[in-house]
Amino acid sequence: MNALIPLPVLLPVLAAGIKIIIGPRHALLKRAISVVALGAVLGVAVVLLVRADRDGPQAVQLGGWPAPVGITLVADRLSALMLVVSSAVILCVMVYAFGQDGADRDLDTPLSVFHPTYLLLAAGVCDAFLAGDLFNLFVGFEMMLMASYVLVTLAGTMARVRAGTTYIVVALLSSMLFLVAIAVLYAATGTVNMAQLSWRIAELPGPVSRIGEAALLTAFAAKAAVFPLSMWLPDSYPSAPTPVTAVFAGLLTKIGVYGVVRTETLLFPGGHLRTVLLVTALLSMLVGVLGAMVQIDVRRLLSFTLVSHIGYMIFGVGLDSAAGLAATVFYVLHHITIQTTLFLVAGLIDRRGGGTSLARLGGLARTAPLVGALFFVPAMNLGGIPPLSGFLGKLGLLRAGLAQGGPLVDTLVAGAVVTSLLTLYALVKVWNQAFWSAPPDDLPGDPPAARLPVAMVAGSAALVVLSLAYTAAGGPLYGLCQRAAAELLDPQSYVRAVFPSGGAS
């Protein structure tokens, strides 16, 4: 069964290669290849999750070399959970892209570039979650980022190139810092295998350990858009094509959060930089939501809410407790789905209303009630309305914070409550202006589309249903997240999976 672990990385790469060989023709065949490949990745991810939850972490050594020399892939509860949700989201966004491609008649995005690149992005995401050593994690990031450089500037418009340049510069700088951190840890410990690092880092002098931890956290924080390393995001994401923006918002920042979780649990347990994490979490929440409140464009507003809700996840990591980590894992899964859904629905609003500026929208509740329903459910979920999954995740974080106590944590709890209320205010503003208010009649613009492509609606609706499933199965899912958190805080099972005969030290 461990032979299944590399498949989430290999299948999208194989599908991308086949589509490039086929060339620009045979559109239906290429779409079928994408759906089959991503569907198979989802199926494999579910099997890995069941196996990891039942039997503990699963590891495989590629290339015929044992750890720590070879390439190690590990599927524990956290990575398998992230893999399941990410592959489901990637598949739904691909379906959405099919509908947009057909409706636009390929005028805006060169499909022969988009689809193979998107599959390589999926492979990079899966590799990052499964990587068992820091260098392979870097490779996963770079696979994902090289694909994202192409996707964010697709079609080559001036706005996309300008926004893409900012994104590329920040991504390259954070990758350089990540590589420097890997070099520092390798020079100090003689390994990049994360299971082995978990033993050897504990033996390092305090200053060396702090430098390595700070470098890794800074690199991951830039990728996760944690304040103050978040100012690039609102300008970079809204200009890309809708499917690209959606998958970026849902997944790319969460991989940075995943890196922070691994750093603070497997590599540097003990919360040495806990105060820094808590302060940056509070600032991310407040700065992000205040930025969202003053936006008049739906996509930019959602980009700022993305920054603010990254703060919730860093809050849970900073608590350095089982309850905080469990709530963080649950909230990450919830937010991947919800944020992706909202950006996809923003694309439907753009198509149906002729733009995403609130100044030129109105009356969509009457002219496009289905779009209204697809926006309302995830918006209320992001705002934390009970009994939706957003409420469950926030409640878990607040309870973990109140249980721990202390002036800084209590301030963070208060900030989290305020952020949730202001998020709800910002999203209600979008609802009132775009859906309830009368449509403007004095502004020029392209006439809205008369009918939305079925595939675009289906992709968005599937994610709405998935988010509601989190609520319906909230108890079992939260229990799984608690088991994942307990496993993170006691990494011995992870180490044994990589080094079954010992020798990690």
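Biologist: In which sense, left-handed or right-handed, does helix 11 pass helix 12?

Modeller: In this predicted model, the axes of helix 11 (residues 274–293) and helix 12 (residues 298–319) come within 7 Å and cross at roughly 160°. An angle over 145 degrees counts as roughly antiparallel, and therefore helix 11 and helix 12 are roughly antiparallel to each other. As for the sense in which helix 11 passes helix 12, the crossing is left-handed.

Biologist: How many nonpolar residues does the contact of helix 11 with helix 12 have?

Modeller: On the side of helix 11 the contact includes L277, L278, M285 and V289, and these and others meet residues of helix 12, among them F304, V307, Y312, I314 and F315. Glycines also take part, including G288 in helix 11 and G311 in helix 12. Divided by class, the contact of helix 11 with helix 12 has one charged residue and eight polar ones, while the number of nonpolar residues is 14.

Biologist: What is the orientation of helix 13 relative to helix 16, roughly parallel or roughly antiparallel?

Modeller: The axes of helix 13 (residues 322–353) and helix 16 (residues 389–404) come within 8 Å, and they cross at roughly 160°. Because angles over 145 degrees fall in that class, helix 13 is, relative to helix 16, roughly antiparallel.

Biologist: How many charged residues are in the contact of helix 13 with helix 16?

Modeller: The crossing of helix 13 and helix 16 is left-handed. Helix 13 brings A323, G324, A327, T328, F330, Y331 and H334 to the contact, and the residues from helix 16 include G390, L392, G393, K394 and L397. The residues of the contact of helix 13 with helix 16 divide into seven nonpolar, seven polar and, as the charged count, one.

Biologist: Which residue of strand 2 stands opposite L62?

Modeller: Strand 1 (residues 58–62) pairs with strand 2 in the antiparallel sense, over five bridges. Strand 2 (residues 71–75) is mostly covered, with four of its five residues buried. The residue of strand 2 that stands opposite L62 is I71.

Biologist: Is T191 buried or exposed?

Modeller: T191 is found in the loop between helix 6 (158–189) and helix 7 (194–200). Leaving aside neighbours within four places in sequence, T191 is in contact with P68, L185, Y186, Q196, L197 and R200. The relative accessible area of T191 is 3%, and because buried means under 20%, T191 is buried.

Biologist: What is the relative accessibility of D320?

Modeller: A225, which is not a glycine, has a positive phi of about 65°; A225 is found in the loop between helix 8 and helix 9, and is buried, with a relative accessible area of 0%. D320, also a residue other than glycine, has a positive phi near 55°, and lies in the loop between helix 12 and helix 13. D320 counts as partly exposed, at a relative accessibility of 30%.

Conventions
Residues are numbered from 1 along each chain as its sequence is written. This is a predicted model: local features need pLDDT of at least 70, side-chain atom pairs count only at pLDDT 80 or more; totals for chains, interfaces and linings use all residues. Side-chain values use heavy atoms; hydrogens and water are left out. Axes are lines fitted to C-alpha atoms, for helices over the stretch in contact, and angles run from 0 to 180 degrees between N-to-C directions. Helices (H or I, at least four residues) and strands (E, at least two) are DSSP runs, numbered from the N terminus. Angles under 35 degrees count as roughly parallel, over 145 as roughly antiparallel, 65 to 115 as roughly perpendicular and the rest as oblique. A crossing is left-handed if the near helix is turned anticlockwise from the far one by less than a right angle, and right-handed if clockwise. Contact means heavy atoms within 4.5 Å. Ala, Val, Leu, Ile, Met, Phe, Trp, Tyr, Cys and Pro count as nonpolar, Asp, Glu, Lys and Arg as charged, and the others, Gly among them, as polar. Buried means under 20% relative accessible area, exposed over 50%, partly exposed in between (1.4 Å probe, protein chains only). Two strands pair if DSSP finds at least two bridges between them.
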